[in-house]
Amino acid sequence: MDPTNIMQTGFAFFPAKVLLSAVRAEVFTVLAAKPLTGEELQTRLGLHPRATFDFLDALVAMKMLNRDGTGASGKYANTPETATFLDKNKPSYIGGILEMANDRLFRYWGDLDTALKTGKPQNEASRGMKPMFEELYSDPSRLEQFMMAMRGISMGNFAAFAEKFDFSKFKTLCDVGGATGILSVLAARKHSHLQCQSFDLPVVEPIAKRLIEKDGMSSRVKAVSGDFFKDKLPKADLITMGLILHDWNLENKMKLIRAAYEALPEGGALVAIENLIDDERKENVFGLMMSLNMLIEFGDAFDYTFADFKGWCQKVGFKKFEKLHLAGPCSAAIAYK
C-alpha cells in the first residue's frame, strides 16, 4: 500500500500554481533570448529574494526549466517544450489559456464543492458580475486575447485533423464557431481543393478576417458572421465544430446537431473535435476534468463520450459514424449524412 498517488493528486494544485504564475510572470518569454542566472531573473521579473530560487528550482524539478550549474552562478534556460509553447513571441504559444486558468479558473475551482451540490456555475455570474462571455464580447481587446488563447491551445489538434482526416470527398468546409479561422486555414493549406468558411458572431468577423489575411489564405478561407442558434448554418460538404458542443446543455447540443444536418448534403459529414470522454468513462482524465470545468463555467454544459455523440446524431438522421484520435486527450467524432 502506497499513498504517493493520493498525496500527489491532493497537492497537485501546488505545481499547477507554480506553472501558472511562471506563465503570468512571462518567465519563459524572458528566457527565450538567452539563459539567465537566478539574480538576473529576480531583477527582470521583480521577484523577492526569498522566493526566487525556490520558485525557479521548482520549475527545474518540474522539468519546465533547465539549469546549468548551481547556486548564484547557475543559469536557467527553457526546455525545448517551454521554448516552443510558452514563449509569447512564437505563434505556437499556448500560454493564453494558462493565463485564463490563472486569472479565473484557479479561483473558481475552489468552489467545486458548491457546484457539486447545487449544479450551478461558480464563475463571475455567481459573484454578481456579468457572465464571462458577455464581458468578453463587449470588450474587443479582451475578446481577441481570449480568441488567441483558444487558437493556441487548439492549433495542435486542428493540425492533426487536417493531416489525418480524409478530405478527398469534400470540396467545401464550414467551421462553426470558427473564432480566428485557424481550423479552416490549416485544412485549406493542407488540401488545395478545399474552399472554407469560418462562421462566428459578427463581433468576431473582423478579427478572423485580419488573421486569415495575415496567414495568406484569404482567397480560400472566408470569415462569415451569424448566430448559430438564430441563423441557418452555411451550406457545406463538411461542417466542423471545434470545442463547441461541450459549451452547451443537451437541448442546445441537439439544436446545433440538427442545424448541421440540415446544412449538409447527402454524404456530407459533421465533425466535432473535443476531448472526448472514453465510453467506459474511466480513462480520459482530462476529458472528465473539462466536463467538471463546464459545470464550473456554465452549470448544465458538459463534455461527452463518442457513444453519446453517436446517439444524438442518430436521432436527427445521421447514418454512419467514426472516431479519429488526434492528439493527447483530443479526438474527432464524425457523423455522416
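Met217 is buried, with a relative accessible area of 9%; buried means under 20% relative accessible area with a 1.4 Å probe, protein chains only. The model is predicted: local features need pLDDT of at least 70, side-chain atom pairs count only at pLDDT 80 or more, and totals for chains, interfaces and linings use all residues. Residues are numbered from 1 along each chain as its sequence is written, and side-chain values use heavy atoms, with hydrogens and water left out.

**Surroundings of Met217**

- Met217 is found in the loop that runs between α12 (205-214) and β6 (221-225); helices (H or I, at least four residues) and strands (E, at least two) are DSSP runs, numbered from the N terminus.
- Not counting residues up to four places away in sequence, Met217 touches Val185, Ala188, Arg189 and Ile212, where contact means heavy atoms within 4.5 Å.
- Arg189 stands 28 residues from Met217 along the chain, and the C-alpha atoms of the two are separated by 7.7 Å.

**Nonpolar cores**

- The largest nonpolar core has 31 residues; such a core is a set of buried Ala, Val, Leu, Ile, Met, Phe, Trp, Tyr and Cys residues joined through side-chain atoms within 4.5 Å.
- Within this core, Leu233, Ile239, Met241, Leu270, Phe309 and Phe318 touch the most other members.
- At least two residues of this core come from each of β4 (172-176), β7 (238-242), α13 (250-263), β8 (269-274), α15 (306-316) and β10 (330-336).
- The largest share, seven residues, is supplied by α13.
- Another core, of 30 residues, lies apart from this one and includes Leu183, Cys196, Ala208 and Val271.
- With neighbours within four places in sequence left aside, the contacts of Ile239 include Cys174, Val176, Leu233, Ala260 and Leu270.

**The chain as a whole**

- The protein chain contains 15 helices and ten strands.
- Its radius of gyration is 22 Å, close to the 20 Å that the globule rule gives for 337 residues, so the chain is as compact as a globular protein of that length; the radius is taken over C-alpha atoms, and the rule is 2.2 Å times the number of residues to the power 0.38.
- Of the 337 residues in the protein chain, 47% are buried.
- Among contacts in the protein chain with a separation of 6 or more, 66% are between residues 24 or more positions apart.

How values were computed
Buried < 20%, exposed > 50% of the residue type's maximum accessible area, 1.4 Å probe, protein only.
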